[in-house]
Amino acid sequence: MQDDLLNMTVTDAPDIAFLRGPAKRLMIGGAWVDAHSGATFETVDPATERPIITVAAGGDADIDEAVIAARDALAAPSWAKMGPHERTRVLLRIADIVDLHAEELAIIETINVGLPIAIARRMVARTSEVFRYFAGWTTKIYGETNPSSGDLINFTLREPVGVCGAIIPWNGPIGSLAWKIAPALACGNTVVLKPAEETPLSAIRFGELLLECDLPPGVVNIVTGFGESAGAALVRHPGVDKISFTGSNSVGMLIARTTGGLKRLTLELGGKSPNIIFADADLTKAIKAAVAAFCLLSGQRCIAGTKIFVQRDIYDDVVSGVSAAAQQYPVGNPWDPRTLMGPLASKAQFERVCAYFDIARIDGARVATGGPTARGTGYFVQPTVYVDVDNRMRVAREEIFGPVACVLPFDDEDDAVQKANDTEFGLAAAVWTNDFGRANRVARSLKAGNVGINCYPASDPIAPFGGYKQSGIGRELGVHAIDSYTEVKSIFADVS
């Protein structure tokens, strides 16, 4: 596989109008504007390492303008007084226009993130699904009438939180922005979106499409730039009522410290997810899923199943099976529809993942397949499987965010649960067994927000998504997202 990666030729991206022309600008108050400083930065194609286009680098002044625009839109009758049925129509229009431009958005996601085009198409399709799901919620955000006595009536209302700062990651920006913008708009909030500096292009194109959806100016604003400038300014801005962040634990903790708990927070952070295979499992199915669990999106997803725990009786068989399947996993040219794993998203992430090969070797882990790839063009890393791993090693404890997995043995059910829960993370987990009683016991015992039984957990707009422990605060998607984007007001009325 290493030779295949070195000899691979990546075809050029399709020529689309969006990727031609001057630097991309900021969307503030329904208009495209330059950053106050005039600063820009360059985006890069991770498959070819070639520049794509320059983008405006927003800072404090631009965030301030965007927040003012969002607060003005929040008060404007065109948004604040918009009825739930009209808000449904707006969200459905957004979903429809995403579908209309689905291929273009997938191309942008592939060239900027390195996602295989087949995966990017699926991600864009899920984006419109999220907007349609939350379009149905606008008419169902109910309050309550509480028991009361005499001439006193007590009832509750759910009202918008206000201006929501949304900070999305670089590993799947088109999907991430939908998770944050769709529920925020359904509940009547306004949004200032800060995309990751590595992959801002699909968010910018999405902003262009929003302007065709009759969304009042300022309801959604998009400020591109760097985390330490635009992102930090958004977090600390007094006009922002809520921050929803998806990204690393270190940045999530910094956000929590900066806000001091005085803003509403949703933090979707990292993971080091256990994938537990018992001896009575369907090994063919479990092995195939285990490889996909740590290779999909080049391992750059927070729920990646990077710790494969295997009952000792079948350990050698599973190691052999996982290694063989990893060697055959379709890695390569992201424009080939057969490819399932493209490059890592940036040079910085490539270097970070490659550093773990030295860390694992020094700690005593052994490579079953994969390992360091001699440097060619593009930020490609082959699927890598480690054995002889102790649960205390860094390669077993830290989120690598690349296609790297460890296979560790366990003895029995109690041992599996103890080892799986021995982590600071708690985002996802899976258990493979044909004993349903055991599956139920283990699933209930795992300290994780998303658990699969004889499958690896995925996401669906209907289901809440989030983690235990240091994997985050709050939940996205489902009814729980409605809770996080609304405030509950209790009203007492004397009707005597």
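In helix 15 (residues 413–421), the residues Glu413, Asp415, Ala416, Val417, Lys419 and Ala420 are buried, that is, under 20% relative accessible area with a 1.4 Å probe and protein chains only, where over 50% is exposed and in between is partly exposed. Helices are DSSP runs of H or I with at least four residues and strands are runs of E with at least two, numbered from the N terminus. Among the elements that cover the buried residues of helix 15 are strand 12 (274–277), strand 13 (307–311), strand 16 (404–410) and helix 16 (436–445).

The model is predicted: local features need pLDDT of at least 70 and side-chain atom pairs count only at pLDDT 80 or more, whereas totals for chains, interfaces and linings use all residues. Residues are numbered from 1 along each chain as its sequence is written, and side-chain values use heavy atoms, with hydrogens and water left out.

Valine 33 belongs to strand 2 (residues 31–33). With a relative accessible area of 24%, valine 33 is partly exposed. Apart from its neighbours within four places in sequence, valine 33 is in contact (heavy atoms within 4.5 Å) with Arg25, Leu26 and Ile28. Between valine 33 and aspartate 62, 29 residues apart in sequence, the C-alpha to C-alpha distance is 9.4 Å.

For the protein chain as a whole, the secondary structure comprises 17 helices and 20 strands. Of its 496 residues, 57% count as buried. Among contacts in the protein chain with a separation of 6 or more, 74% are between residues 24 or more positions apart.
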